[in-house]
Amino acid sequence: MNTAVTSPALDANRRDFYFHIYRQMLLIRRFEEKAGEAYAQGKIGGFCHLYIGQEAVAVGAIAALRPDDYVFASYREHAHALARGTAARAVMAELFGKVTGCSRGNGGSMHLFDAANRFLGGHAIVGGQIPIAAGAGFAIKCRGTDQVSTCFFGEAAVNIGSFHETLNMAALWKLPTIFLCENNRYGMGTALERSAAVYDIAHRACSYEMDAETVDGMDVLAVHEAMKRAVTRARTHKLPTLIEARTYRYMGHSMADPIHGHYRTKEELEEQKARDPIDQLEIRLIDAGLMTADEAQHIDADLQAQVQDALRFSDESPDPAPDDLYRHVYAD
Amino acid sequence: MPTITYREALNHALREEMARDPSVFLMGEEVGVYQGAYKVSRGMLETFGESRVVDTPIAELGFTGIGVGAAMAGMRPVIEFMTWNFALLAIDQIVNSAAKMLYMSGGQVPMPMVFRGPGGAALQLGAQHSQAFDSWFAHIPGLKVVAPATPYDAKGLLKSAIRDNNPVVFLEGEMLYNVKGDVPDEEYTIPLGAADRKREGTDVTLVCHSKTVALSLKVADQLATEMGIAAEVLDLRTLRPLDVDAILSSVRKTHRGVVVEEGWPFCGIGAQVVDEIQRAAFDDLDAPILRVTQADVPMSYNKQLERLAKPQPQAVIEAVKRVTYRED
């Protein structure tokens, strides 16, 4: 069932692609760092779940999709919106609750939506997006088109009923849906080993005779290759896949939570940071002569300017008007 | 005009809308091969095929979520619950997903879908199968809630619900499926949010919906013949949006009202109706508005206790006597 995935060798002809995913990962890193600062300044309210450490998963996976495919995610989804092409300005403004945000300030950090880019949320009840993504897969099947629906969720979501109900129906009905579990080891402060009888999440697909694989979620190219196989299975063979990407979050569960403490040690965190997904790709590209240290610095400066622009835009943007309170409760 | 059952009227509405719009599909437990647990979807699998009349496993949360996702991707799902009691397993998707998607996406993602099935008590089905959740769903902004009482209304309202671009909770009655009524062959729809005066009267308004409409009409007959009281029977038909204008104009005429509903009293539909009346028509009232509801208890299996728990005609008559000051 599981495929042993090793990172593919670099191909000099794919330099543009490598730069694209490097830029996306670094944009997410810089964006999230500034979002954390803005939260501390009180410019972002509510719950704010940062993605730092997990960048390889959203970027590697979404790079394998077409613009007309559907993407659904959890409440830790700033990265998925950015990787899907939502402007940094629109994402940051949404975190600020401004009317220029991608959900007009009504959604916030946990409910980013960008229908034009087929990014359909931003779902904040754990596991809620799993059947919903399969529903988009069902719609694709009804219409007989060749799109793919992708669902991102954390490893804690595999213990709720809707995960099992959905995987059963997706396998039974052959829905072109990819279930991508981002195993960052902790559901808030509860380790996987303390919440799941089976630690090998990909193994759970056996119950539904669904194809599955486990991939190193800190290796963006490995994630990308695994996702490409799943996309082919969905697009061509109309079959679902469960992918488990083993990753790690550097920050606390949300900005309101400690980075380490009772549930994990500082040493464990430092150990994981040695496998940083962005550093890994950068080192490989430089070692292979596909990128120079100067180029990396230039990209970083450019992305930091982009995030600064998003912050300035969000600061200057207006709140929704009071009349907006009653807009969009019902459609016409 | 042909006379058909409430069940057949729903079947015709589903068939007509599925023939009219290829994005409409029916999904739920036993809707296909078995022809529907209550036979509402009889013959539809044969007409539309298994891609559009979809039998599901017993997985309410899962298949309701699949309906939500299909609606987000442009389909118009009709999700059937074998009964609304089972829909409690899916309430997360109805309330947290369907009702909120348009708002929290800033207007980007409409949810054109219908959740339907029978609710309320039937006969001796016990506590877990005898519940009317009308006020639960009517509480939620973002949902529309419809509860038809007659075959004519059932067909016209279901067609409108399927065409509506919002999530609609469509509450049918297990005890209504065999009720017969006139339904024209010609195409028609009934707008959501419009109450219907089922009987004209001048002395008291009986506000009701779903199963309590027939009960109220029966009581109105008895009041007329035995006491000379002309009761107006106002069928709400849609609980959200509530037709407040229709309620107020009737009460302003009769100056008295009794709200009759199948649900429990606490935070019930009647509580909302009474609130609307007292705020807008206080000076028009000649008596406090009274309510007749199900008893505030879980449903007993015992036949006598079940009868005592349900809203009874005699309780409505007593309430009318009190508001018209005809007490013995």
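This is a predicted model: local features need pLDDT of at least 70, side-chain atom pairs count only at pLDDT 80 or more; totals for chains, interfaces and linings use all residues.
Residues are numbered from 1 along each chain as its sequence is written, with chains lettered from A and ligands numbered from 1 in the order in which they are written. As for where B:Gln278 sits, the residue belongs to helix α10 (residues 269-280) of chain B; helices here are DSSP runs of H or I with at least four residues, strands are runs of E with at least two, and both are numbered from the N terminus. Eleven residues along the chain from B:Gln278 comes B:Ile289, and 8.5 Å separates the two C-alpha atoms.

Confidence comes next. Chain B has an average pLDDT of 97, and 100% of its residues score at least 70 (pLDDT being the predictor's confidence in each residue, from 0 to 100). The model's ipTM is 0.96 and its pTM is 0.97.

Now for the strands of chain B. Strand β2 (residues 24-28) has five of its five residues buried, so the rest of the structure largely encloses it. B:Val24, B:Leu26 and B:Gly28 point one way from β2(B), B:Phe25 and B:Met27 point the other way, and all are buried. β2(B) runs parallel to strand β4 (residues 76-80), with five bridges between them; two strands count as paired if DSSP finds at least two bridges. In this pairing, B:Phe25 is opposite B:Pro77. β2(B) is also joined in parallel to strand β3 (residues 53-55), here by three bridges, and B:Met27 is opposite B:Val54.

Strand β7 (residues 167-173) of chain B is mostly covered too, with seven of its seven residues buried. One side carries B:Pro167, B:Val169, B:Leu171 and B:Gly173, the other B:Val168, B:Phe170 and B:Glu172, and all of these are buried. Seven bridges link β7(B) to strand β5 (residues 113-119) in a parallel arrangement, where B:Met113 faces B:Pro167. Strand β6 (residues 144-146) pairs with β7(B) in the parallel sense as well, over three bridges, and B:Lys144 is opposite B:Val168.

Where the chains meet, 33 residues from chain B and 33 residues from chain A take part, a contact being two C-beta atoms, placed from the backbone, within 7 Å. On the chain B side, α3 (60-72), α4 (91-98) and α5 (101-104) each supply at least two residues. α3(B) gives the most, with ten residues. By class, this side has 17 nonpolar, 15 polar and one charged residues (Ala, Val, Leu, Ile, Met, Phe, Trp, Tyr, Cys and Pro are nonpolar; Asp, Glu, Lys and Arg are charged; the others, Gly among them, are polar).

As for chain A, 53% of its 332 residues count as buried.

Technical notes
A residue is buried if 20 or more other C-beta atoms lie within 10 Å of its own, exposed if 12 or fewer, and partly exposed in between; C-beta atoms are placed from the backbone.
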